[in-house]
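Morning, everyone. Please look at the model on the screen. I'll take a pocket and then a helix pair.

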Amino acid sequence: MTGAQSRLIVIVGAMVAAIAGALAFEALLSLDQVTPFGHTRYGHIVGWAGLAVTVLVFVYPLRKRASPSRRWPRGWFRVHMVAGVVGPLLIFIHSGAHYHALVPILAMGSMVIVVVSGIVGQLVHAVSLRALNDQRRQLQHQGWSEHDIDARLHGMASQEEAFRLWQAIHAPMTLMFLAFTLLHVAGAWFFAGIS
């Protein structure tokens, strides 16, 4: 078994355990309640918190595109990864296993696809970085600054074919998730109010 396969098994196992834990926690919160937890005031607060954390995911691509030096915003990439896991887990706690309408189902389905494609992208990214490490060492031996090396490697990574293919899938699915989420929020607000 290769290192990438072992890493994939650990990630999938952790993801399944986290989702099962979130759903079990929601079921616990819904015990002895007339309505599911997601339809209560606290359930709505958890949903809003999940949406707020999920919005942080978009800072990284915006910073990356806005950077005039094309330098990789590494800190925001970490925020992107953490928020891309924590936000959906809060949304799983908000929703639980109760699906009564098409739009929330589509929002949840697209969210799951985006999270899974994000994890796949992380693996593609890791493989690409490993392949570029030799290039980094060469540039360091040639006396390049760390800033220039990061900019050069970022440019090379963005032209990597597998990474570009992944971006062509991940970005539209993310926009689809965002559209369904906004429709869900607008519908919930219209039919049930903000509380």
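**A pocket and a helix pair**

The lining of the second largest pocket divides into 18 nonpolar, 12 polar and no charged residues. Ala, Val, Leu, Ile, Met, Phe, Trp, Tyr, Cys and Pro count as nonpolar, Asp, Glu, Lys and Arg as charged, and the others, Gly among them, as polar.

This is a predicted model: local features need pLDDT of at least 70, side-chain atom pairs count only at pLDDT 80 or more, and totals for chains, interfaces and linings use all residues. Residues are numbered from 1 along each chain as its sequence is written, and side-chain values use heavy atoms, without hydrogens and water.

The volume of the second largest pocket is about 810 Å³. A pocket here is an open set of points on a 1 Å grid over the protein atoms alone, where a 1.4 Å probe fits, with protein on both sides within 12 Å along at least five of seven lines; lining residues have an atom within 4 Å of a point. Which element gives the largest share of the lining? That is α7, with 9 residues. Helices are DSSP runs (H or I, at least four residues), numbered from the N terminus.

Now the pair. The axes of α4 and α5 come within 11 Å and cross at roughly 160 degrees. Axes are lines fitted to C-alpha atoms over the stretch in contact, and angles run from 0 to 180 degrees between N-to-C directions. So α4 is roughly antiparallel to α5 (over 145 degrees). Contact means heavy atoms within 4.5 Å. Among the residues that meet are Phe-77 and Met-81 in α4, and Met-108 and Val-112 in α5.

Definitions and conventions:
Points joined across faces, edges and corners; volume = space filled by probe spheres on them. Helix = DSSP H or I, 4+ residues; strand = E, 2+ residues; numbered from the N terminus. Parallel < 35°, antiparallel > 145°, perpendicular 65-115°, else oblique.
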